[in-house]
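The following exercises concern a ligand site and a chain interface. Please work through each task before reading its solution.

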Amino acid sequence: MTQFLSLLLNGISLGALYALIALGFVIIFKSSEVVSFTHGSLLLLGAYSIARLSDAIGFLPAVVVGILITALAAFVIERLIINRLRGAAVISLAIVTIGVDIIILTELIRRIGSDILNVPHPWGGESFRIGSVGLSQNRLIAFIVAALLIALFFVAFKYSNWGIAMRASAEDGETAALMGIRQGRVSALAWVVAGVLAAVAALFLVGSPTPGVSPTAYAVALRAFPAAILGGLDSTGGALVGGLLIGIAEAMAAGYQDQLLFLGRGFSAVVPFIVMIAVLMFRPSGLFGTKELTRV
Amino acid sequence: MLSIESLHVTYGGAVQAVRGVSMEVPDGKVVAVLGSNGAGKTTLLRTVSGTLRLHRGRVEQGTVRFDGTDLVTKDPAQAVRLGLVQVPEGRRIFGRLTVEENLRAGGMGNRDKSAKAQAQQRVYDLFPVLKERSSQRGALLSGGEQQMLAIGRALMASPKLLLLDEPSLGLAPRIIGQIGEVIAEINRQGTSVLLVEQNATMALGVADLAYVLDVGEVSLSGNARQLSETDEVQRLYLGHDGGDERRVRVPSGKKLSRWTA
Ligand SMILES: Nc1ncnc2c1ncn2[C@@H]1O[C@H](COP(=O)(O)OP(=O)(O)O)[C@@H](O)[C@H]1O
Ligand SMILES: [Mg+2]
């Protein structure tokens with residue numbers, strides 16, 4: 001029971017981070033009609049920038065600048081590439097983003113080289129315990145920050161002009177344009193928000209219990225894709241639920257891996273994809289999505 | 001205020017949707033454009049509102065000016081800022097947004113806060129039902145209410161010229177009558193209107209001037225009341241049998257051409 005609770009807590013905190021990434025993925029899809037595969041490298045860019053800058057300017061400034069760098073990169077991708085290809089087939093755009101992702105990723109891997117980069121989290125690697133249920137402090141703080149950001153996001157999405165412009169243009173772009181809503185702006189802003197969310201997720205994903213910044217951080221973003229897709233690619237609520245589901249499933253599979261050994265070692269790493277496939281079998285447009293993925 | 005001169009529009013470089021249309025919307029007036037399906041009415045509005053590009057359409061020739069400003073190079077957001085707002089055919093309200101959010105979306109191009117508040121008041125005065133249902137999703141409204149929401153949403157941008165694309169489409173006669181009254185009231189409040197319709201009774205009832213579009217060309221034009229008495233319009237739009245011997249010269253001096261729809 002203790003183990004279960006412990007895994008559940010870990011799963012939720014991991015899931016909250018997946019949800020941050022998946023939310024970015026979803027708003028990009030809603031506003032630009034792009035399935036963006038740039039998230040892996042954006043995440044790594046965030047982690048890399050924060051780690052590199054920490055030595056020079058200190059942890060907090062590095063976090064702020066790292067987030068800005070990632071947001072800027074997302075903005076540039078949107079302005080330079082996505083915005084100019086507006087109206088292209090969803091599949092071509094997706095492949096374009098894979099190309100962009102590979103370019104950024106290659107450069108980051110070259111820069112990281114064989115270094116072991118660490119983000120010097122002031123909260124270190126200690127764990128936090130209630131009775132015998134444990135959670136790393138990093139994950140606890142991650143959960144709190146992610147919960148706050150997600151709440152802020154949903155409030156903005158519901159009530160702000162940006163949220164309304166975003167939802168209106170996602171529903172009917174031409175009519176939104178007739179109202180004077182500039183889709184280019186809505187889309188650019190969505191990319192910036194997605195960049196910020198990815199960088200924040202990165203900040204925590206490279207902390208305890210995960211060791212340091214390495215290209216493997218990239219794989220983490222890949223696990224947020226199934227979160228977005230199983231929730232429904234065009235549903236922000238779905239991204240949240242999907243993120244939590246994937247986080248919990250992964251934590252459980254890792255925690256009970258001895259019992260699951262017959263499925264092979266490292267099973268937990270593929271669990272997100274298995275969960276996604278299982279959900280899509282029954283609901284092709286995801287749990288809360290309205291668009292069938294076959295159209296994508 | 002709106003002045004269109006020998007306008008030619010094509011889609012994808014091939015389909016000639018509008019061929020040499022000239023048209024004037026004088027300040028403060030309601031101008032109707034009649035024509036059957038495919039006549040080029042929507043294309044005309046798209047040209048004015050800057051959405052032609054979204055349909056791979058292109059102005060090949062001619063000018064479109066609003067108070068002297070060239071519109072051909074403007075995008076939709078710029079057109080809205082100039083005071084031109086289009087209510088699209090088929091209403092196209094945001095079904096997943098609430099009524100209030102639909103109206104907020106409509107006011108998005110309106111920078112001036114007090115103008116926006118005024119516009120909101122005007123919309124709720126014109127359509128009290130929208131206030132009652134402000135927190136409901138757009139999709140739950142009836143067809144007539146959706147049309148009112150679509151018009152209200154456009155008014156939120158405080159347009160100088162309101163462009164309406166077949167507002168009567170699919171609505172019951174009683175509701176069409178109401179829409180006609182609303183258009184007249186909006187015009188009385190100082191907004192000019194360009195009304196595209198297939199329902200000639202309603203359109204000619206509220207319009208000062210009217211044009212008939214026939215496969216991309218203007219076939220008739222003139223004073224709305226006089227136009228409604230011509231044989232062509234009687235027979236083709238108003239469902240009456242006009243005697244063939246009657247011929248009415250329209251004030252613009254254009255010859256009456258045979259309407260072949
Ligand atoms: N997006 C488009 N692409 C290609 N052709 C179009 C498009 N929209 C309209 N057309 C063509 O242009 C002509 C005029 O259409 P339209 O302006 O929609 O007429 P109306 O609104 O009077 O029914 C028609 O022949 C129609 O087939
Ligand atoms: Mg039309």
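**Exercise 1. Determine which polar atoms lie close to oxygen atoms of ligand 1.**

Solution. Apply the polar-contact criterion (a pair of N or O atoms within 3.5 Å; within protein, one must be able to donate a hydrogen and the other to accept it, and residues adjacent in sequence count only if both atoms are side-chain atoms).

- Step 1: B:Thr43 places a polar side-chain atom 2.4 Å from an oxygen atom of ligand 1.
- Step 2: For B:Lys41, a polar side-chain atom is 2.8 Å from an oxygen atom of the ligand.
- Step 3: B:Gly38 uses its backbone instead, with an N or O atom at 2.7 Å from an oxygen atom of ligand 1.
- Step 4: Of the 560 Å² of accessible area that ligand 1 has on its own, the protein covers 67% (Shrake-Rupley method, 1.4 Å probe; for residues, only the protein chains shown count as cover).

The model is predicted: local features need pLDDT of at least 70, side-chain atom pairs count only at pLDDT 80 or more, and totals for chains, interfaces and linings use all residues. Residues are numbered from 1 along each chain as its sequence is written, chains are lettered from A and ligands numbered from 1 in the order in which they are written, and side-chain values use heavy atoms, leaving out hydrogens and water.

**Exercise 2. Describe the shell around ligand 1 by element and by class.**

Solution.

- Step 1: The ligand has 13 residues around it (a heavy atom within 4 Å).
- Step 2: In chain B, β2 (15-25) and α1 (41-49) each supply at least two shell residues; helices (H or I, at least four residues) and strands (E, at least two) are DSSP runs, numbered from the N terminus.
- Step 3: α1(B) gives the largest share, four residues.
- Step 4: By class, the shell has four nonpolar, seven polar and two charged residues (nonpolar: Ala, Val, Leu, Ile, Met, Phe, Trp, Tyr, Cys and Pro; charged: Asp, Glu, Lys and Arg; polar: the others, Gly among them).

**Exercise 3. Characterise the interface of chain B and chain A.**

Solution.

- Step 1: Chain B contributes 28 residues and chain A 23 residues to the contact (heavy atoms within 4.5 Å).
- Step 2: About 2,200 Å² is buried between the chains, 54% of it from carbon and sulfur atoms (accessible area, 1.4 Å probe, that two parts lose on being put together, summed over both).
- Step 3: B:Phe94, B:Arg96 and B:Met108 supply 27% of the area that chain B buries against chain A.
- Step 4: Five salt bridges are counted between the chains (a side-chain nitrogen of Lys or Arg within 4 Å of a carboxyl oxygen of Asp or Glu). One of them joins B:Arg92 and A:Glu174, at 3.2 Å from N to O.
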